[in-house]
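The structure is shown first.

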Amino acid sequence: MLKLSLRFVVPLLLAVAALAYLSVPLMDRLTLRWFMSDLDQRSHAIAATVVGPLREAQQQAMAARVTGLLNAAATDERLHSAALCDAQGRIVARSAMFPATVGCAAADPSTPRVLRLEQGVLHPTAVPLRLGDSPAPTHTMLVLHDMSFIELRSGETRWYAIVTFAVLALVVALITVAVAHLSWRGWVRGVRAMLTGEGLLRPFAEGPATIDKALLPLEAEVRSLFRRLERQRAADTGASEGWSAQRLRAMLQTEYADDEIIVVSNRQPYSHERRGDEVVVTQPASGLVTALEPVLRAASGTWVAHGSGSADQQVSDRDGCVQVPPEQPSYTLRRLWLTTEQVKGYYEGFANEGLWPLCHIAHVRPVFRAEDWRHFVDVSQRFADAVVKSARRADPLVLVQDYHMPLVPQMIRDRLPQATVVTFWHIPWPMSETFGICPWREQILEGLLGSHIVGLQTRAHCRNFIDAVDTFLESRIEHEDSTVHRGGQLTRVAPYPISIAWPPANEEPIEATRARIHQWLGLPPGHRMAIGIDRLDYIKGLIERFAAVEHLLRSQPQWRGRFTLVQVASPSRSDLPEYQAFHDRVLDEARRINDAYGTERAPAILLRVEHHGAQTVRDLYRSADVAMVTSLHDGMNLVAKEYVAARDDDLGVLLLSVFTGASRELHEALLVNPYSAEQTGEALARALAMPPAEQRERMRTMRAWVRSHNIYRWAGSMLIDAARVRSRERVTARIEQLQRRPLKVAV
Ligand code: F6P
């Protein structure tokens, strides 16, 4: 401490001494100048009083009288002596004390203003006098002032100044040392508290350096935030460990132990259908269910969806709730009942005739009707209300799914301001020129910005989304961290490429499956086969795929009767005219190509327009030499990933459209432009002729990618990001709460 004090005091004293050294002579000179100017004025006053008698005596040549007058004038206190000089600079008379060594030259202003003589320190002042008749001065009265009193005073002033500086320096030094001591102690204590994680946030019982008890929950929040960041860092660095269902469950247990998770989507994960007297349970052909079921199972949450099955009402309770999955109930499915008009307006109309073609570049004109929009708004509100009713807590995590729900996020935030809303948009987000076609574009964007996180499939879709916000809404966008600030809400926009479960189910040896499937399809053994598995949708590029097959069989006739495309087309949205027309076109094209290139041995295209169960689809993947994914535009396309996952023999070739999100990840596929029948047909020929070694090399790399970038990673990374948002919001809320009340600090 002594060292610390000296460190402050010594430089301070030096600084004060230097200041005194510089300023005291300055003060001295200043006071001397003031005094001398006073003396000069006095001299003039004295001269003015004696000028009359002097003139008289001088004119009468009364030398003794002149000397007498000078002696009289010099009797004034502090006046030493006086002399009268003529125009030639000669002394004509002087007072008794006037020094013999001083001549009239002293009257010249260029001579020293202070004379240090043996008679003392004297200051000469010259006052011009007019003693004759001429109008100009004829004489000069030289007055010598005794300056000893000035010397005395200046010495006193100097002494006072030095004492004042010294006292000032001492006081400042003492204050500085005191402040330094206090700050140092506080600083040391603060640093120690930081390092030990105690100090200001330590509970009362543990020591005196504590503050308001109200800070304790904040401490817990901050600690949990740190722990979460630590886990996140560990998770990021340990990405190679891979995500699995178990890891996702473990993450949910640590991050969401006491939390409530609600999923909201149009399509339900299970549908109860009446088949005669029986009720059967079916699962829709949807990647969404694969992705979110593990999350809800682990969290025992609630899934809110449209109850569209014919027996759904029959098996659900008064609130539309039923426990699923049927074989091992672990979460609640809350069904929403919609009228036929609502389904027509909200689902078929606005979502599938408007937003679907708007977001996919498939050259189908979007249709926007005001009537559909009204239903869309009403149904969105009903979904949001159902989420609110399902919530057992004020702050559930709500996972909003897909393009049917863009208005729901803000509607939920309005009713449950503490909820965390994460929205995943499964389909592409178009460029803003295209998106701008939607007459309700602002409302769609505003609704989505009610989310804390908006997830999309690819970076390009994120860029398009942010661009649309930038174009159509007033907001602040941080491109660096991909966030949108609007109306006091913050939305992060990020890519979360959706995927499939891994590991895939254990299967029988692939040769056995192939033999069984060939028999089932009526294809001869050893027949080469490509597979297409899709919903019957115009974005899937079925017509283009058929054209590629036609190109192959036309350009390489040796494949006729030796190759077949097996196309499974699951009927979809079949009440819509566009889908009905597409269905007819697909059937016509398959028929035409079969007529032209089919043989008795095998058709060119084997089209099966019906829903196939998951196991059959897997068997088809394992039997096929090639999988054809030729979408004209697709958010991700999980068929591509499912095919790769099913090929545990590392064989088979994936032919993949560059217009799918999957093509951004599966670079070892044969990438094609489906709009070119020739290019796609040639790629098909290449796939059929590809040596097994090349197939293995490509397939292994793709499998490794899908293994590590599986559905658990998709869900896990989104949920970890959401957990981070939740912690941040909790800490912020706590701080705001503390700021609103006076803080009592006990030091
Ligand atoms: O691709 C978007 C998507 O919503 C998928 O998530 C889902 O598999 C598919 O469309 C199903 O569409 P629908 O519910 O209209 O049958």
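In helix H12, residues 441-448, the buried residues are Ile444, Leu445, Gly447 and Leu448. These residues lie on the same side of H12, because the arc they cover around the axis is only 160 degrees. The model is a predicted one.

**Helix background**
- An α-helix has 3.6 residues a turn, so residues three or four places apart point the same way.

**Nonpolar cores**
- The largest nonpolar core holds 96 residues, and Ile412, Trp429, Phe465, Phe563 and Leu684 touch the most other members.
- Helix H8, residues 340-359, supplies the largest share of this core, with nine residues.
- Leaving aside residues up to four places away in sequence, Phe563 touches His527, Arg528, Met529, Ala530, Val549, Leu552, Leu553, Pro603, Ala604, Leu684 and Leu688.
- A second, separate core has 73 residues, including Trp303, Val322, Ile517 and Leu521.
- In soluble globular proteins, nonpolar side chains tend to be buried together.

**Cavity**
- The count of cavities of 30 Å³ or more comes to one.
- The volume of the largest cavity is about 40 Å³.
- Its lining consists of Leu292, Val295, Leu399, Trp714, Ala715, Met718 and Leu719.
- Helix H6 (287-299) and helix H21 (711-740) are the elements that give two or more residues to the lining of the largest cavity.
- H21 gives the most to that lining, with four residues.
- By class, the lining of the largest cavity has seven nonpolar residues, with no polar and no charged ones.

Technical notes: Residues numbered from 1 in each chain as written. Predicted model: local features only at pLDDT ≥ 70, side-chain atom pairs only at ≥ 80, totals over all residues. Heavy atoms only, no water. 1 Å grid on protein atoms, 1.4 Å probe; cavity = no way out; pocket = protein on both sides within 12 Å on 5 of 7 lines; lining within 4 Å. Points joined across faces, edges and corners; volume = space filled by probe spheres on them. Nonpolar A, V, L, I, M, F, W, Y, C, P; charged D, E, K, R; others polar. Buried < 20%, exposed > 50% of the residue type's maximum accessible area, 1.4 Å probe, protein only. Arc of directions from axis to C-beta. Core = buried A, V, L, I, M, F, W, Y, C linked by side-chain atoms within 4.5 Å. Contact = heavy atoms within 4.5 Å.
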